[in-house]
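Subject: Structure handover

Dear colleague,

Please find the structure below, with the sequence.

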Amino acid sequence: MTRRIAIVGSGYMGGGIAQVMALAGAEVLISDVSLEVTQANRERLIEETRRFVADGLFPSDAVERIERQVKVAESIEDAVRDADFIEEAVPEKIDIKHDIFKRVSAAARPDAIIATNTSTISIAKLSEAVTNPERFLGVHFSNPSPFVPGVEIIPHEGTAPDVVERACTIVHETGKETATVKDVTGFVLNRLQYALFHEATQLLEEGVASAEDIDTLVRTTFGFRLPFFGPFAIADMAGLDVYNFCYQSLQTDFPERFATPEVLSSLIEQGKMGTKSGGGFTDVPAERIPDLIAWRNRAYVKLSELMKELGPPPMK
């Protein structure tokens, strides 16, 4: 059965999500503040698709598929009326979103999933404007949505479990990965992203290094590992005892900012030092460690080769 998807907000993010859904085979209706804006945005995303095909980023038939699958709705109500899944991607202002969700709720089927692409606003707060809020959750695509593979799934306390499952299934059908997180300020993605940015700006303001040198270190050292491993897997491979020592060193000048996490201390007290002991955050079985290390090394070499092939980004 072909899925019917409505995208409310057809700008850069909404248009990208429409491309993703259409290439997965869904019928997509887009809508915006006016029919004229929606039509202009559809033309833009089709032209954008042509460039992506020419650059080898989209399949060769992507233009034809998106032209066929992505249609313009005359109004928000027309877009959502028969939709199975509705994704809101309007500006990050709660009053605008509340107004949209009231209109969507009034026009959509009662069993339709209603999702928001917000990266900052409480899902519970947004749900106040949704009729039957148990079908509402956050489905947060990252920019640029056609190419970033991860999607943050954020239910509020009242979201029905089957709605979370259905939303994940729809996202997985596009080839993307999901991670389900709690409805807290900043969720997970932005708390991590802005924690890094905050520390980077501290180093810049203190004159420790230039912006260019900080960026170089991030992308060529720990950032180099991040396409393959998250912070817990990286810590396990480094050794949790090493992390504990580093925290003690950092505390000499930054005792509050770099207080040792309790969960780290607890694992060390249990004798779990990461992959070297066969236990840690990821708890990799001891017999799998040689395979993991070999895979890691191959992955790093392949990434180095890709970076050389691509060359430096055209920033200068």
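This is a predicted model: local features need pLDDT of at least 70, side-chain atom pairs count only at pLDDT 80 or more; totals for chains, interfaces and linings use all residues.

UniProt lists residues 5-183, in an unreviewed entry, as "domain: 3-hydroxyacyl-CoA dehydrogenase NAD binding". In the model this span is 42% helix and 20% strand, with its end C-alpha atoms 24 Å apart. The unreviewed entry in UniProt also places "domain: 3-hydroxyacyl-CoA dehydrogenase C-terminal" at residues 186-283. There the chain is 59% helix and 0% strand, and 28 Å separates the end C-alpha atoms.

Sheet. Eight strands form an open sheet with mixed pairing, in the order E3-E2-E1-E4-E5-E6-E7-E8. Strand E3 (70-72) and strand E8 (177-180) are its edges, each pairing on one side only. On average, and ignoring direction, neighbouring strands of the sheet are turned by 25 degrees against each other. Ala115 has Leu137 in E6 as its bridge partner.

The structure holds 11 aromatic pairs. One of them is formed by Phe229 and Trp295, with 5.7 Å from centre to centre and 80 degrees between the planes, an edge-to-face arrangement. Which parts of the chain does this pair tie together? Phe229 lies in the loop between H10 and helix H11 (231-238), whereas Trp295 belongs to helix H14, so the contact links parts that are 66 residues apart in sequence.

Pocket. H10 and H14 come up again in the second largest pocket: helix H9 (211-220), helix H10 (222-225) and helix H14 (289-310) each supply at least two residues of its lining. The space in this pocket is about 680 Å³. Its lining comprises 18 residues, and those nearest the centre are Arg219, Met307, Pro312, Pro313 and Met315. Which helix gives the most to the lining? That is H9, with five residues. By class, 11 of the lining residues are nonpolar, three are polar and four are charged.

Best regards

Terms used
Residues are numbered from 1 along each chain as its sequence is written. Side-chain values use heavy atoms; hydrogens and water are left out. On a 1 Å grid over the protein atoms alone, a cavity is a set of points where a 1.4 Å probe fits but cannot get out, and a pocket is an open set with protein on both sides within 12 Å along at least five of seven lines; lining residues have an atom within 4 Å of a point. Grid points are joined across faces, edges and corners, and a volume is the space filled by probe spheres set on the points. Helices (H or I, at least four residues) and strands (E, at least two) are DSSP runs, numbered from the N terminus. Ala, Val, Leu, Ile, Met, Phe, Trp, Tyr, Cys and Pro count as nonpolar, Asp, Glu, Lys and Arg as charged, and the others, Gly among them, as polar. Two strands pair if DSSP finds at least two bridges between them. Axes are lines fitted to C-alpha atoms, for helices over the stretch in contact, and angles run from 0 to 180 degrees between N-to-C directions. UniProt positions are given in the numbering used here, feature names are shortened, and annotations may be inferred rather than shown by experiment. Rings of Phe, Tyr and Trp (its six-membered ring) pair if their centres lie within 6.5 Å; planes under 30 degrees apart count as stacked, over 60 as edge-to-face and the rest as tilted.
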